[in-house]
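Good morning, colleagues. Please bring the structure up on your screens, and I shall go through some of its secondary-structure packing.

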Amino acid sequence: MRISRRTLMKNAAALGAFAGAGFPHIWVKNADLARAAGGEIKVGVLFSLTGTTAIIEESLNKATILAIEEINAAGGIKGSKIVPIIEDPASDPATFSEKARKLVVGDKCVSVFGSYTSASRKAVLPVFERQNNLYWYPTLYEGRECSKNVVYTGAVPNQQQDEFVPWLIKKFGKKFYLIGSNYIYPKEENNYCKKLLEKYGGEVVAEEYVPLGHSEFSSVINKMRSTQPNVIFSTVVGDSVVALHRQYRAAGLDPEKMPMASLTTSENEVAAMGGEAAAGHFTSAPYFQVYKSPENEKFVAAYQKRWGADKVTHFVSEACYFQTYLFKQAVEKLATSDIAPPTIRDAVKGAETIAPQGKVRIEPENLHTWLWPKIAQCKSSGQFEILVEAKEWLKPVPYAAYPGQVCTEKGLVEKS
Amino acid sequence: MTSKTSFPTGLPRLGAQIAPILIVCAIVFALPLVLNNDFLLNKVARYLVLGILTVSLALSWGFGGILNLGQAMSFGIGSYAMAMALKLKTIPVHTGSGGLPDFMVWNNVARLPWFWQPFKSLSFALAAGIIVPALVAAALGWFIFRSRVTGVYVSIITLATMVVLNLVIIDQQSFTGGFNGITDLAQLEIFGFAFDAYGRATFYLVASCVALSLLVAFAFTRTKAGLVVQAIRDHEGRVRYFGYDVAAYQIFVFALSAAIAGLAGMLYTIVMEFASPTFLGVQLSLSVVVWCAVGGRQSLVGAFLGAVLVAGMQGALSESAAFLETWTLVMGALFVLVVLFLPKGLAGLTKSAWRWIVRRRLASQGIARGVGQTREGSA
């Protein structure tokens with residue numbers, strides 16, 4: 001191939017643009033930065049801004065940033081500002097792991113707030129355990145985890161179901177149709193649900209799992225018609241929630257006779273499917289946007305002021321918000337020279353704060369959170385109406401379905 | 001090319017071809033001198049592993065003319081083989097008695113399934129991580145190339161096969177860990193020597209595998225079989241008329257490429273400390289094709305550097321505050337630039353730049369001499 005000087009220059013320019021656009025960053029060394037130097041406390045914020053779960057995770061990123069901005073505006077933590085280092089893990093477990101390493105080992109963050117899916121939490125877990133750092137996980141999840149390096153501020157199965165399942169049996173009947181996405185979260189929730197059904201005299205007419213991202217529910221809906229359950233107990237996640245609700249409505253099924261009872265449908269999913277499709281169905285969660293409390297009104301107003309009046313808050317973004325305040329509270333207890341992940345972990349044990357959902361507390365034994373279960377029905381406006389509120393907060397029992405196992409401060413203990 | 005000085009088969013001289021490989025390997029081995037930080041070592045090790053994967057694709061695509069869009073399938077098989085062995089080495093803290101992997105307990109599996117049993121032996125796993133992908137590729141290749149499937153159909157079949165395997169892994173979560181993959185792994189230990197994901201030992205292990213795969217791939221391209229494979233790429237029909245068994249050569253290069261990808265997959269599990277179905281996902285598999293194209297698919301070193309540079313840049317861009325919102329756009333724009341202006345990738349650019357410099361120098365020497373002569377003349 002003959003090459004003129006001009007083509008070469010053109011090529012070289014392309015190469016220059018290519019190489020100059022940031023690659024040298026990987027050589028930057030910041031190994032010796034102190035953890036809380038110069039009145040700055042560095043934390044990581046690890047929610048996907050691109051990729052398949054970006055829509056929901058972006059709202060988690062926003063709630064976390066809002067809380068950090070509020071804390072800093074009010075003078076920070078004993079004069080030190082919280083500096084959020086935001087990374088985009090692109091909805092990919094391998095990238096989650098890479099970014100977690102960067103935040104923990106490279107940037108020396110004292111804590112990282114992050115993850116929506118269990119898969120991404122599992123991917124970063126080795127990083128936090130090996131480096132003895134602290135991960136704050138805001139999502140409801142399946143339980144059965146007992147890590148000393150994670151603070152879990154979302155609900156575990158007992159906190160979503162203990163009240164919900166008996167209430168559904170009493171109100172609608174005992175025949176349950178279990179439908180979920182095919183991964184560990186729905187399976188574990190259903191394991192627990194079946195235990196409760198056994199206890200309260202309910203029965204399972206069908207248990208079915210659809211692939212993640214599944215959007216064709218006609219055969220499922222036919223099966224619902226033929227089995228005639230009283231309750232459709234749904235742990236379908238993501239875009240599938242939207243498809244399931246729309247197709248249920250299109251098939252002419254009636255929420256008054258055969259309602260869907262979901263653990264995963266929040267204001268966020270309802271906004272995606274439209275209130276009409278969601279109206280009449282039920283969700284159990286510790287938080288709903290319509291919940292009346294001074295703290296929640298303040299949270300919703302601040303969130304909409306900061307990010308747009310059309311934005312909704314939901315039970316995962318609320319946990320993002322209050323866990324940042326719990327972090328602040330824990331760090332406040334420490335001398336500046338002591339600020340490090342293990343001391344923060346010890347300081348957060350038993351910490352309490354008034355969250356938008358009510359007063360919450362970190363259980364010292366297992367670092368999960370005492371929450372306020374609520375049952376609500378969706379309205380065509382896209383908002384929920386809260387029907388049942390727990391009279392007291394509920395202890396987190398991550399191994400509720402497994403009576404032989406208990407998560408303690410020393411790790412998982414087997415009782416034989 | 002009948003002059004006695006040229007290589008008998010008409011190949012470029014060995015030295016000129018092997019030099020870039022040796023230089024790149026030397027640089028890779030010297031990197032820990034510069035990267036005195038565990039985190040950077042680990043990160044660069046990850047990019048090097050992706051580099052090996054891309055070399056494996058360059059072998060089948062650039063030299064064999066087989067565009068395997070499912071290259072990540074072999075990578076994923078290797079990765080799972082390693083993860084299965086390391087999972088069985090963990091102390092069952094999350095499981096209690098029986099030593100079953102935690103996700104199996106969650107899915108109410110009572111006994112270790114038969115295909116997990118042999119992975120109790122680490123040597124079996126190490127061999128399986130390379131041999132299984134090669135066998136799978138050979139079997140798939142047998143169907144493809146014996147039936148004389150060519151071109152875009154090969155790509156479609158390989159891509160589809162990978163997607164099927166990916167779905168099976170996600171669906172059979174009681175045996176595979178499903179969507180979450182296989183997590184909570186033990187460290188790899190060979191003869192009592194532990195390979196920590198952040199340690200130098202792991203980095204040098206990866207670096208040695210970089211050297212090994214580049215040299216093996218290079219050696220193959222110089223053998224007679226390697227030459228036949230390249231001839232098939234250029235004109236399949238003509239080679240067949242010469243009496244060569246075209247399919248056999250294609251199957252061989254396809255399987256060799258899969259074996260190298262399997263090796264990369266095993267290393268990836270060590271470096272990342274988990275295995276995930278995304279390791280044999282469409283996104284990764286297509287990224288490999290892009291890296292290969294950017295680096296130059298007909299150059300092993302080019303493909304390797306393409307992966308390391310692009311993956312490294314992707315990481316750096318998405319980490320810089322300025323590009324946090326737009327890094328995917330910037331990456332896209334850069335790819336368009338490369339495809340438009342560098343059809344042979346970075347390797348092609350380097351080659352033409354080298355020729356241009358050589359010609360310039362020759363020319364300027366000529367001119368200088370000419371000028372000198374005129375000066376002398378005028379003096």
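Please bear in mind throughout that this is a predicted model.

I begin with a helix pair in chain B. Helix α3(B), residues 71-89, passes helix α5(B), residues 122-146, in a right-handed crossing. The two axes come within 9 Å and cross at roughly 160 degrees. An angle over 145 degrees counts as roughly antiparallel, and α3(B) and α5(B) are therefore roughly antiparallel to each other.

Which residues of α3(B) and α5(B) meet? On the α3(B) side they are Ser74(B), Ile77(B), Gly78(B), Ala81(B), Met82(B), Met84(B) and Ala85(B). From α5(B), the contact includes Leu122(B), Ala125(B), Gly129(B), Ile130(B), Val132(B) and Pro133(B). Taken over both helices, the residues of this contact comprise 13 nonpolar and 3 polar, with no charged ones.

I turn now to chain A, and to strand β3(A), residues 111-114. In a regular strand, side chains alternate between the two faces of the sheet. Here, Ser111(A) and Phe113(A) point one way, while Val112(A) and Gly114(A) point the other way. Are these residues buried or exposed? All of them are buried.

Strand β3(A) has parallel pairings with β1(A) and with β4(A). With β1(A), residues 40-46, there are 4 bridges, and Gly44(A) has Val112(A) as its bridge partner in β3(A). With β4(A), residues 135-137, there are 2 bridges, and here Phe113(A) is partnered by Trp136(A).

Further along chain A there is an open sheet of 7 strands, with mixed pairing, in the order β7-β6-β8-β9-β10-β14-β15. Why is one side of β7(A) and of β15(A) left without a neighbour in the sheet? These strands, residues 203-210 and 384-389, stand at the edges and each has a single partner strand, so one side of each has no neighbour there. From one strand to the next, the twist averages 25 degrees.

Within this sheet, β9(A), residues 260-262, and β10(A), residues 282-285, pair in the parallel sense over 2 bridges. Ala261(A) stands opposite Phe282(A) of β10(A).

Finally, helix α7(A), residues 184-200, packs on the sheet. Helix α7(A) touches β6(A), β7(A) and β8(A), and its direction makes about 165 degrees with that of β6(A).

Thank you for your attention.

Note on methods
Residues numbered from 1 in each chain as written. Chains lettered and ligands numbered in written order. Predicted model: local features only at pLDDT ≥ 70, side-chain atom pairs only at ≥ 80, totals over all residues. Axes fitted to C-alpha atoms, helices over the stretch in contact; angles between N-to-C directions. Parallel < 35°, antiparallel > 145°, perpendicular 65-115°, else oblique. Left-handed = near helix turned anticlockwise from the far one by under 90°. Contact = placed C-beta atoms within 7 Å. Nonpolar A, V, L, I, M, F, W, Y, C, P; charged D, E, K, R; others polar. Buried ≥ 20, exposed ≤ 12 C-beta atoms within 10 Å, placed from the backbone. Pairing = 2+ DSSP bridges.
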